[in-house]
Amino acid sequence: MRQLYPFPLEIVDPDIVYAQEDRPVFADRPYLLVNMVSSLDGGVTLDGRTRGLSGDADRELFHALRIFPDAILAGAGTVRAERYCLPSLSVEQQQQRQVRGQARLPQLIVASARLVFDWDLPLFLHSSDRPLLLVPNDVDPVRREEATEYADLLMLSRSEDGQGVDLVEGMRELRHRGIKVLLVEGGPSLNERLLSAGLVDEVCLALSPLLLGSEAGKGASRLFGHAHLLQPVSFSLQQVLAQDDFLFLRYRVKT
Ligand SMILES: NC(=O)c1ccc[n+]([C@@H]2O[C@H](COP(=O)([O-])OP(=O)(O)OC[C@H]3O[C@@H](n4cnc5c(N)ncnc54)[C@H](OP(=O)(O)O)[C@@H]3O)[C@@H](O)[C@H]2O)c1
C-alpha cells in the first residue's frame with residue numbers, strides 16, 4: 001500500500017500505521033473512529049451489502065483497523081445484513097494486544113433497539129467471546145430473556161427520540177468498563193446518531209473506484225444517514241493511502 005499524504009511513501013503497512021496513531025484518552029467516553037467504504041458517488045451498499053464495493057485493498061484496511069481498538073461497535077442492521085463474525089486476529093496480533101494490556105480480541109458490541117436477531121449468526125456462537133448488546137431498558141422482556149443465552153446485555157435509558165438507547169450514556173458506560181478506543185463499523189443509521197450526538201472523533205473512509213448511479217445505487221444510504229446537524233462538522237485530513245484504485249482517507253473532527 002502507498003502513502004500519498006502527509007508525505008509520500010512507496011510502501012506502508014496499514015497494520016502498523018493505523019495502530020501507531022496517537023489518540024487521546026477521554027475520561028467520560030471512548031475515542032471513537034468510524035470506518036466505512038463508499039462508492040465515488042457516496043453509496044454505501046450494492047445489492048444491500050458492502051461486498052460489491054469492497055476489494056482486497058479495502059478488506060486489508062478493514063482488518064488493519066480491527067487490530068488495535070478495545071472494542072468494535074456495529075448497528076443491528078449491519079450485523080444482520082453482513083452476517084457478522086468475531087474479529088479474526090493472528091496469534092501474534094493477539095499476543096501484542098495482551099502485551100499492551102488489552103484483551104486478546106476487541107470486544108464486539110452491537111446496538112439494538114428491538115433485539116430481533118437470528119441467533120444462529122456466527123457472532124452469537126462463541127460462548128467464550130460473547131458480544132455485548134446495547135439495549136434500551138424497556139425492551140421486550142421475552143426477547144431480553146432469549147438474548148441472554150447468546151450475549152451479554154448492557155441495559156440503558158431510551159434516547160429522547162425513542163428510537164434506541166441514549167448513546168451518550170452508552171459511551172459513558174463503555175468507558176467505565178475500560179474501553180478507551182472504539183471502532184464503529186456502521187451502518188449509516190447508527191453513524192447518524194453517533195454523529196448527531198457529537199460522539200465521532202475520526203472517520204476512516206475507503207473510496208471504492210465505482211460509481212453506482214441511480215439503478216445500482218437504488219436504496220443505498222449515505223455514510224452518516226441524514227444526521228441532524230445544526231452546523232456542518234469540519235474535519236482535518238490526517239492521512240491518505242492508495243492501492244488498487246482505492247483511496248483510503250483518514251480524517252479527524254476539528255475541535
Ligand atoms: N459501506 C459500508 O462501509 C457499510 C458499513 C456498515 C453497513 N453497511 C450497510 O448498511 C446497511 C445497514 O445499515 P442501516 O443504517 O440499515 O443499519 P445499522 O446502522 O447497521 O443498524 C440500525 C439498527 O441499529 C440499532 N440502533 C441504531 N441506533 C441505535 C441506538 N441508539 N440504540 C440502540 N440500537 C440502535 C437499531 O437496531 P434494531 O433494528 O435492533 O432496533 C437499528 O435498527 C447494510 O446494508 C450494510 O451492508 C455499509
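Student: What radius of gyration does the protein chain have, and what would a compact globule of 255 residues have?

Tutor: The protein chain has 18 Å, and a compact globule with 255 residues would have a value near 18 Å, so the two agree. The radius is taken over C-alpha atoms, and the globule rule is 2.2 Å times the number of residues to the power 0.38. Bear in mind that this is a predicted model: local features need pLDDT of at least 70, side-chain atom pairs count only at pLDDT 80 or more, and totals for chains, interfaces and linings use all residues. Residues are numbered from 1 along each chain as its sequence is written.

Student: How many helices and strands are there in the protein chain?

Tutor: Eight helices and ten strands. These are DSSP runs, numbered from the N terminus: helices are H or I with at least four residues, strands are E with at least two.

Student: Which residues come nearest to the ligand?

Tutor: G75, G77, G164, G186 and G187, out of 32 residues around the ligand. A residue counts as near if its C-beta atom, placed from the backbone, lies within 6 Å. The elements giving two or more residues to this shell are β2 (31-38), α3 (76-82) and α7 (188-196).

Student: Which element gives the most?

Tutor: α3, with five residues.

Student: What's the shell like by class?

Tutor: It has 14 nonpolar, 13 polar and five charged residues. Nonpolar means Ala, Val, Leu, Ile, Met, Phe, Trp, Tyr, Cys and Pro; charged means Asp, Glu, Lys and Arg; the others, Gly among them, are polar.

Student: Back to α7. How many of its residues are buried?

Tutor: Seven of nine, so α7 is mostly covered. Buried means 20 or more other C-beta atoms within 10 Å of the residue's own; exposed means 12 or fewer; partly exposed is in between, with C-beta atoms placed from the backbone. The buried ones are P188, L190, N191, E192, R193, L194 and L195.

Student: What do they pack against?

Tutor: β2, β3 (71-75), β4 (107-111), α6 (167-176) and β7 (181-184). After α7 comes G198, whose phi is positive, near 70 degrees.

Student: New topic: R2. Buried or exposed?

Tutor: Exposed, because R2 has 12 other C-beta atoms within 10 Å. R2 is found in strand β1 (residues 2-5).

Student: What is R2 in contact with?

Tutor: Leaving aside neighbours within four places in sequence, R2 is in contact with L9, E10, L241, A242 and Q243. Contact means C-beta atoms, placed from the backbone, within 7 Å.

Technical notes:
Two residues are in contact if their C-beta atoms, placed from the backbone, lie within 7 Å.
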